[in-house]
Structures are given as structure tokens and as C-alpha cells.
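Here is a short briefing for a first look. Keep the sequence and the model side by side.

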Amino acid sequence: MSQIDVTDLTFSYENSFENIFEHVSFSIDTRWKLGFIGRNGKGKTTFLNLLLGKYEYSGAIHSSVVFDYFPYQLQDERLAECAADFCGSLKDGCELWRVACELGQLDASEEVLYRPFGTLSHGERTKVLLAVLFSGENDFLLVDEPTNHLDQDAREAVKRYLAGKNGFLLVSHDRDLLDACVDHVLVLNRCTIEVQRGNFSSWWENKARRDACALMENEKHKKEIEKLKKASRRAQQWAERSERTKIGYDPVKEPDHANRAFIGEKTRKMQSRKKQMEKRMESQIRQQEGLLQDLEYTVDLKITPLHHPKELLVYAKDYGWKYPGASSCALEHIDLELRQGERLFISGKNGCGKSSLLKAVAGRLQEEAQAMPSNSDESRPQGELSRSVREQKPVGVQSNWDESRPQDAWHASQGELKTASGLVVSYVSQDTSFLSGNIPDFCRRRNLEESLFCAVLRQLDIGRGQFAKQMEDFSEGQKKKVLLAASLLTPAHLYIWDEPLNYIDLFSRMQIEKLLLEYQPTMLVVEHDARFREQVSTRIVALDVP
């Protein structure tokens, strides 16, 4: 048995306004399957980097194990190489036969080790890197968000694989994955850190009971404090009234009137009683403090979907698309109808064209195919898009931007894809790498009211201290919340979200679930979180690989 002991840990980034960790102490066992839970920006990835020794900190972290981290950072030149050629450089002592054995447990063939890494799908890359990670012995493994961008089949394979392993710390916001894979949880609450036996669901149930108990106890203290305040005010009034009777009477004419000494003693007792009540109030307030410090408050979000006069908003018949110069189709033989009020989820394996279909409906696929590299702000894609679309700010090669737009019907290279005339679309890309600059600039580019945008970010639990930072310094989850907040503030007929929950914390996922169920906007979504999809979708369409 080996322990990782964290003692009085305090850490903050240079030029940061607040500490990420402050006088934190806890212990964990290196044999545990440990789930790491917390809000975006609370310091989960930072803590992993502290374990790896990447940052200086005060306090102590004692451990006798070696740490290894997923995902491995690969240089661009590695993409042209086979994984078999560079596995040894990723992990000391890595043996290829062990990696092949681990791949078998991940339902993957060892032949993926001998194909150029850049040609592998997201799922295949993840499986290779996980196989390398677990090919050693006696390491404590730090696994950071392994299922992002993975299709459902790959997620299931990773879930089964991790469920059979021990000795790791798993950062994930996927509730199904945490329930299946972990036997303990390390939770970054708002003000405290707790270690608890069980999985996500057991922790969540315990938290709900604890929160309900804290709320009841808080109400009890508030009522007691209110009673003491009333009694204190009453005692003060009595004392003042008694004190006033010492003045303004003639002791000769009113011999029966209480003398000054008696009145003074009576007043003193009243004042003493008032002070005792104030001390009891202070005690009640101290007991009340801390009761709600870890309570997660999720504010109800709002969205303003537009109503379109037509019921059928999107129609595709035998639709296909092929990027210029590509040897195969990105999309092929797509038949699809999306009616107003539906929340249609697209499922399928990685590479089957889910994102391409969303971009096509949003009017971006044609732009992406025609856009040419350029540093000029005057360059813009042309094509069969409406004038209002063409007049928006150009986007460059990646077409990573997030404005809503009306779009006219247009035909692709195969079949047809039609959208209702005047359809306003709000699009959220799965990519966040294009976000840079500060929030005021972001709001100006997208014609958003800055104060309202910041209010939505606060509702999504992004602290005010983040507003002064450059967006490239945000965590991945915070970047995703920026795109989601912009979409929520964009009135649209159709909301197209491409893997919107990647890196988004558990509390915000449930917050967004509640929003969509309440307002029921028309949506076209790609999302692999099974629970979110089951809760929100009205229909699921599966795509086959072309």
C-alpha cells in the first residue's frame, strides 16, 4: 500500500488574483480508481501538473510512486510516423509487446501501431496512447479527459478498459464513465476538498442529502437569529424606557416613584440581557457560516429561440459532399428532415461525417471548401449564400466562428440540402483553438452586449477574475462556455451545436439540460454524452461511415 499525501498545499499562477489551492491537505491510496470531480477552472489539470512537478508550490506532496500523464503531447512530425516507432520516447521502458496486449483489451488491432499516426481516427489515437500509458508497472497514472471527441463505441471500449484497471486518477465530466470506472472520488468543492468512497452517483446522492441537511440547518439558524434580534430590540427598548424615567420627576411631590438607584439597576439588567442575546446571535451566525460554503448554486439559464413560419426547417435527400481534391466523400447518401421543435442528435463513428453535416446545414461547409489561406481581412468565401451572410466578417481557412446567419437553399455536389428561407442559425464549433483576445473584443466581433454576456458567463460559473484575462489563457471548459454563452444570447430558429459538452463540468451539463428541456429550441446536435443525449433529444439519427 502506497499513499500520496498532500499537506498544506498552496498554489497560484503568476500574476493571478487568487490562489488555486490554499492550505489544502488530503491523502489518497495509489491502488484506487480515483475520479476527479470539480467545476471548470477549479484546478483539476493544475493539480495533475503539480503532481508531475511542473510548477513550484508551497506545502508538500509526498509520494513513492512515479506519475505518468495522458494525453501525451506529440510533436507535429510524429503524425507522419508509426506509433511503433515512437512509443519508447513517450514512456520510459515501454515495450511494444505490452502495448499490443493493452490494445487487445481496448478492442483494437495491433496493426494501428504500424500505420502513420496522423491517419488514425480520434478513437484509435486515444486507444494507442492509453495502451502506452498502461503498459508500465507500478506507476500512478493521471488520465485527463480521455473520451473527448470519441464516438460512442470508442467511449464504451475505454469505459470497459478503465473499469478493469487500478491505480489511476481520472479527470472526466462523463457521468457514465465515472460510474463505471471509479471506486473513490476526489472532489474540488467551492471551498473545500473531499475524498469519498464510491462513484459519481453515490457521491452525488450523498451530496444531495448533505446539501438538503445544510439548507434545513441554515433555515433553523436564520429563524433563531431572527427571534434573538426581536428579543434584543425589545430589551433595548425596555432599557431605554426605564432609563428615561430617571429624569423629570420631583422626589418630594412623587415620593412613591422608584429611586434612581433602583431604576439604574433595572436598566443595567436589561442592557446585560441585550448583550447576552447579541452573543447568542454571534454564536448562531458562526454556526451558520460554512454550512452553505460548498453548496453548488446553478442559476437557471435563458435562451430566446425564434419561431419560423415553416414547420420543415432542414431537408436533405441523397445528399453528399466531397472536399475539393479528396479521394472520398465526407458525406454520402444523407436523407434527413428536421422539423420545428425537434432536438435532433446525430450519432455515428468518428469519421462518418457528423461535423461535416452540421457545417453543411449551418452554411459553413461550402465556405470551408472554398476559403483560401489569407491574412487579409478583405478575403471572404463566395458561393450560393445570401447577401447578409457574405457581408459578415470573413473567416479564413478553418472557418471557426460563431455568428448566427440566415441562409438560402443551396445544392451540393450530390443530391440536395435545403433549409427554410430566412433561417437564422446559431452555430457552436467543437474547436475552441481560434479563441483569443479579451472578452470586450469578442463581444464587439459578435455584436453581443458585453454586460449581458458577462452575466451569462457568471451564471455558467466563470469567475469575474477571468474577465480580465486573455481568452487563450482560459481552461478548455471555460473556452467552451464562452461559445455556448454567445450562442444562448443569439436569437435563432435553429441551434447547431457540435460536441458542445467537451470539457464542460458536470454541474453546467445539468444546467444546460434543464435549459433545453424548459425552452425546447429547435436543435441539430452532435454529442456523445449518453445521459445528456437521452435527457434532451427528441430523435436520434445514426450516420454510417461513407
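The points below cover surface charge and aromatic pairs.

This is a predicted model, where local features need pLDDT of at least 70, side-chain atom pairs count only at pLDDT 80 or more, and totals for chains, interfaces and linings use all residues. Residues are numbered from 1 along each chain as its sequence is written, and side-chain values use heavy atoms, without hydrogens and water.

**Positive patch**

- K229, K230, R233, R234 and R273 form a patch of positive charge on the surface. Patch residues have over 30% relative accessible area and no salt bridge, and like charges are joined within 9 Å. A salt bridge is a side-chain nitrogen of Lys or Arg within 4 Å of a carboxyl oxygen of Asp or Glu.
- Helix 7 (residues 200–244) gives the largest share, four residues.
- R273 sits in helix 8 (residues 260–288). R273 is partly exposed, because its relative accessibility is 40%. Buried means under 20%, exposed over 50%, and partly exposed in between (1.4 Å probe, protein chains only).

**Aromatic pairs**

- The whole structure holds 17 aromatic pairs. Ring centres must lie within 6.5 Å; planes under 30 degrees apart are stacked, over 60 edge-to-face, and the rest tilted.
- F11 and Y55 are stacked, because their ring centres are 5.4 Å apart and their planes are at 20 degrees. F11 is in strand 1 (residues 3–11) and Y55 in the loop between helix 1 (44–51) and strand 4 (58–62), so the pair ties together parts 44 residues apart in sequence.
- F11 is buried at 5% relative accessibility. Y55 is partly exposed at 30%.
- F36 and F47 are edge-to-face, with centres 5.8 Å apart and planes at 75 degrees. F36 and F47 are both buried.
- F21, F26, F36 and F47 make up one aromatic cluster.

Terms used. Patch = residues over 30% accessible without salt bridge, like charges linked within 9 Å, V, L, I, M, F, W, Y side chains within 5 Å. Areas by Shrake-Rupley, 256 points an atom, 1.4 Å probe, with all protein chains shown as cover. Lys, Arg positive; Asp, Glu negative; His and termini not counted. Charge placed at Lys NZ, Arg CZ, Asp CG, Glu CD. Helix = DSSP H or I, 4+ residues; strand = E, 2+ residues; numbered from the N terminus. Phe/Tyr/Trp six-rings, centres within 6.5 Å; stacked < 30°, edge-to-face > 60°.
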